[in-house]
Amino acid sequence: MEITKAFSEENILLLEKANLLRSLIKFNIIEQEISNVSIDDETVENSIQSFRDKNKLNSEEDFEKFLLTNNLSSKDIHNKVLNQMKITSVSLDKFSNKCEARFLQKRYLLDEVTYSLFRVKDFYQARELKIKIIEKEANFSDIAIAYSNGLEKKSGGLIGPTSLINAHPALIDILRTSKEGEITGPHKIDKWFIVVRLEEFRPAKLDAETHKKMAQELFEEWVTEEVDAMHNAIIKTNKSLIQARTNS
C-alpha cells in the first residue's frame, strides 16, 4: 500500500469522509501500471489529429474554440491522449488473450443497429399512425417529427447507428428479431406506445477496434477489483481511528 505512506491517519480519514480515497487509489494503480509504457510523439500527434478530424476541428480556430469551451489547453489534450494510449497498451498486454471469450460472452449486445421510432401515449393513435406509414400516406420521418413525444422527434425518429446495448432493454429483443424494413408495434414500453422500424442490423465482429474495447473493459474491471482490495485493506488498517472519529 505505497499510496498510504505519504498520508497520516488523519488525512486518510479525511479522504474517506470526502469520498476521495477510492479515486486516489484508482489513480495510483493506473499510474503504476502505465509508468513504464513509452509512446512516441509522432504516434500521439497522429492520434490527436484523428480526434480533431472526428470532431471536425480542422482549423486552428475551431480547435482553439474547443479548448476554450472545455477549459483545456493543448498540453491537456496531449496528456489525455497519451494516457489513454498507454492504458490501451497495458490493457492489450494484460488481457489480449481473454478478449475473444469476452466478445463471445457479450456479442449479442455489441451488434450495431439503426432504427426509426416514434412514441405516443395512446395505443389507437400509435396504430393509426403505423397504418398511415404502411399504406404510404405519410413517411416515418414526418410522423415522428409531428407526433413523437421523445428526443427522437428532432431526428425524424432515426436512431443510430448504435450498439444494441444502448437501446432500451425492452427494445433489444424487438430489434434483434425484426427484419430490416419491418415495422412493428405498437409496443407498450413504460408509459408509451412505440412503433419501430429496423433500418439496418450489423452483427458484431471481433475486429481490431472491438478487440481493443474488450481489453479495456477487462482492464477497467481488474482496476476496480484492485481498488476494492486496497481500499478494504486501508480501512481495516485504520479502522480504530475511523471508528473513534465516527463515534465522536
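Me: In which helix is T88 found?
Reply: Keep in mind that this is a predicted model. Follow the chain to T88 and you land in a helical stretch, namely helix 5.

Me: Is T88 buried or exposed?
Reply: Its relative accessibility is 13%. Buried means under 20%. So T88 counts as buried.

Me: Which residues does T88 touch, leaving out those up to four places away in sequence?
Reply: Skip the residues up to four places away in sequence and look at what T88 still touches. You end up with K212 and Q216.

Me: How many helices and strands are there in the protein chain?
Reply: Let's zoom out to the whole protein chain. Counting both kinds of element gives eleven helices and four strands.

Me: Is the protein chain a compact globule or more spread out?
Reply: For 248 residues, the globule rule gives 18 Å. The radius of gyration here is 25 Å, well over that, so the chain is more spread out than a compact globule. Along its principal axes, the C-alpha trace spans about 75 × 55 × 40 Å.

Me: Which elements give two or more residues to the largest nonpolar core?
Reply: That core has 18 residues, and L21, I25, F219, W222, V223 and I234 have the most contacts inside it. The elements giving it two or more residues are helix 1, helix 2, helix 5 and helix 10.

Me: And which helix gives the largest share of this core?
Reply: The largest share is seven residues. They come from helix 10.

Me: Which helices do the buried residues of helix 2 pack against?
Reply: Helix 2 covers residues 21–34, and its buried residues are L21, I25, N28, I29, I30 and I34. Take L21: among the residues it touches are I12, H231 and I234. As a group, the buried residues of helix 2 pack against helix 1, helix 5 and helix 10.

Me: How far does helix 2 reach from its first C-alpha to its last?
Reply: Helix 2 has 14 residues, and at 1.5 Å a residue you'd expect 20 Å. Its reach is close to that expected value, at 20 Å.

Me: Is S148 buried or exposed?
Reply: S148 lies in the loop between helix 8 and strand 2. It touches L117, F118, R119, I143 and K153, not counting residues up to four places away in sequence. Its relative accessibility is 3%, so S148 counts as buried.

Me: Which side chain makes a polar contact of 2.4 Å with the side chain of S148?
Reply: Look for a polar contact of 2.4 Å between two side chains. One belongs to S148, and the other to E152.

Conventions: Residues are numbered from 1 along each chain as its sequence is written. This is a predicted model: local features need pLDDT of at least 70, side-chain atom pairs count only at pLDDT 80 or more; totals for chains, interfaces and linings use all residues. Side-chain values use heavy atoms; hydrogens and water are left out. The expected span of a helix is 1.5 Å times one less than its number of residues. Buried means under 20% relative accessible area, exposed over 50%, partly exposed in between (1.4 Å probe, protein chains only). Contact means heavy atoms within 4.5 Å. A polar contact is a pair of N or O atoms within 3.5 Å; within protein, one must be able to donate a hydrogen and the other to accept it, and residues adjacent in sequence count only if both atoms are side-chain atoms. A nonpolar core is a set of buried Ala, Val, Leu, Ile, Met, Phe, Trp, Tyr and Cys residues joined through side-chain atoms within 4.5 Å. The radius of gyration is taken over C-alpha atoms; the globule rule is 2.2 Å times the number of residues to the power 0.38.
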